[in-house]
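Good morning, colleagues. Please look at the model on the screen while I describe how its parts meet.

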Amino acid sequence: MQPVGLYWKILDDKKIAPIARGIGVLALLNIAVGLYMALFFAPTERTMGDAQRIFYFHVPSAWVGFLAFFIVFLASLMFLWRRERKWDALALSAAEVGVVFTTLVLLTGPLWAKKAWGAFWVWDARLTTTLILWLIYIGYLMLRSTAESERRARFAAVLALVGFLDVPIIFLAVQLWRTQHPSLIITDPGGLTPPMTQTLMVCLLSFTLLFVFLLIHRVRLEQARDQVNFLREAMG
Amino acid sequence: LPYALIAVVLIGYAASLRRRMETAQRERAAIESKKN
């Protein structure tokens, strides 16, 4: 593995601080607008009533989780190919943020399910595969929380690659199996009215911005920790 | 309730990131002061 130092120079640059802050402020403003739209602008859904409003933050959480795990997948591939710590740090950071957002999916989903189906959890294909995805990346983080070594990092990268195979399965679960979970909005746009679609788009944008903000800070943290270890080793 | 839950998780995570960053910065400062 390469010696550790400032591998993501752009993130340590003083210029990134105002940019990251700007993204954070923009994300917060967008979330406030999204919240207003979800509560007051979007109409009440006919069959599920107000419980359906969970959807406006449930779907963006799932989208961000998938985006994060896609970054983990790409960064893990790059790490296995180039053996550079910067890719490993990016994969680890994206995995942690991805787990946070997937946790939100698994918390908000059952609350919605209780209102819609009368039960917090059913062993439905999409719910089960999402839970498996969450467990895979929890395992990845547990593996990374123990003592670091290149071998362990390589093993974790392989786990991340294999784990990502679950994402297309989750995506296709509603088509492959008979499931209670609503189908994809993209394939069934008739289910949403224009104000609902607009609200969802604002919420998707706000969570994506929030993800970028959190990822920048998580990678900076990883880099700061590596620098501490580097200095410690240099001191003997 | 779901929105409050989302807020608690996200604020909690952001706070944990900040705390861990401060710890790393403190450790770095301590090592550098020892070095000097």
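How many salt bridges does the rule find across the interface of chain B and chain A? The rule finds two, a salt bridge being a side-chain nitrogen of Lys or Arg within 4 Å of a carboxyl oxygen of Asp or Glu. In a salt bridge, the side chain of B:R20 meets that of A:E96, with 2.7 Å from N to O. By class, the side of chain B that touches chain A has 13 nonpolar, no polar and six charged residues; here Ala, Val, Leu, Ile, Met, Phe, Trp, Tyr, Cys and Pro count as nonpolar, Asp, Glu, Lys and Arg as charged, and the others, Gly among them, as polar.

Before I continue, a note on the basis: this is a predicted model, in which local features need pLDDT of at least 70 and side-chain atom pairs count only at pLDDT 80 or more, while totals for chains, interfaces and linings use all residues. Residues are numbered from 1 along each chain as its sequence is written, chains are lettered from A and ligands numbered from 1 in the order in which they are written, and side-chain values use heavy atoms, with hydrogens and water left out.

Turning to the extent of the interface, 19 residues of chain B are in contact (heavy atoms within 4.5 Å) with 28 residues of chain A. The area buried between the two chains is about 2300 Å², that is, the accessible area (1.4 Å probe) lost on putting them together, summed over both. Carbon and sulfur atoms give 82% of that area. On the side of chain B, the residues that lose the most area to chain A are B:Y3, B:Y13 and B:I31, together 29% of what that side buries.

Finally, the C-alpha atoms of chain B fill a box of roughly 50 × 5 × 5 Å, taken along the principal axes.
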